[in-house]
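The following note sets out several points for a colleague reviewing this model.

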Amino acid sequence: MKDYTKLSPEEKDALVKKAMDVGFQTETDYGNCIQSCLNGLYEAFPDLGITKDMLKASFGIAGGCGCSLLGTCGALNAAAWAISLCCGRPIDDLAGDYEACHEMIRDLVEDFRREYGGILCSDVMVHNMGAVYDWKTPEGDQGYMDHDGTFHCATAVAYCAEKVARMIVDGRLRKS
């Protein structure tokens, strides 16, 4: 992966903004928080290692896993996935020490928790919209739309894309 630390501050900011904007717009236009966040990173950092197959494979993890609203926010999962892609444990070195990857993700999780009041999809909804709206039902979907849910989910996508993009341009996250 390219050394993004050598870019000017303006170039770094432009890449971070691109990751955020593409992620936000993808979420706004098509939904799917994990795919949207990963797509923002994919477009801004084509050498990160995210592939179209990974984007496809991430689809079912959105909305707290299968749009169940029960699991971790998909945008946060995307950020953890991107961090792991750079410094996670490879299958041919299962005995290696990759605790630094977990530490980076735990730090991100704590930042996200402070920002959104928790890490679950439902926590983000309650924090941003005051309640959980199950978009799989007509009334839940209407409540989600009435409370500008798409915008709120897109802001979580942009937040996570920004965090990972900053790690990349600041040199804290490099592909090993």
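**Review points**

1. Asp 148 sits in the loop that joins helix 7 (138-146) to helix 8. The model is a predicted one, and in it Asp 148 shows a positive phi of about 55° despite not being a glycine. Most residues other than glycine have a negative phi. With a relative accessibility of 43%, Asp 148 is classed as partly exposed, because that class lies between the buried limit of 20% and the exposed limit of 50%.

2. Cys 67 also has a positive phi, near 55°, and is likewise a residue other than glycine. Cys 67 belongs to the loop between helix 3 (52-58) and helix 4. Its relative accessible area is 26%, so Cys 67 is partly exposed.

3. On the cysteines, the search of the whole structure returns 0 disulfides. For Cys 67, the nearest cysteine sulfur belongs to Cys 33 and is 7.3 Å away, and Cys 67 is in no disulfide. Cys 87 is in no disulfide either; its nearest cysteine sulfur, that of Cys 101, lies 3.7 Å away.

4. The largest nonpolar core has 44 residues, and the members that touch the most others are Leu 41, Phe 45, Ile 83, Phe 112 and Leu 173. Two or more residues come from each of helix 1 (9-30), helix 2, helix 4 (74-87), helix 5 (99-116) and helix 8 (149-169). Helix 8 is the greatest contributor to this core, giving 10 residues. In soluble globular proteins, nonpolar side chains tend to be buried together.

5. Apart from neighbours within four places in sequence, Ile 83 is in contact with Gly 88, Cys 101, Met 104, Ile 105, Leu 108, Val 164, Met 167 and Leu 173.

6. Asn 39 is placed in helix 2 (residues 33-44). Its relative accessibility is 17%, under the 20% limit, and Asn 39 therefore counts as buried.

How values were computed: Residues are numbered from 1 along each chain as its sequence is written. This is a predicted model: local features need pLDDT of at least 70, side-chain atom pairs count only at pLDDT 80 or more; totals for chains, interfaces and linings use all residues. Side-chain values use heavy atoms; hydrogens and water are left out. Helices (H or I, at least four residues) and strands (E, at least two) are DSSP runs, numbered from the N terminus. Buried means under 20% relative accessible area, exposed over 50%, partly exposed in between (1.4 Å probe, protein chains only). A nonpolar core is a set of buried Ala, Val, Leu, Ile, Met, Phe, Trp, Tyr and Cys residues joined through side-chain atoms within 4.5 Å. Contact means heavy atoms within 4.5 Å. A disulfide is a pair of cysteine sulfur atoms within 2.5 Å.
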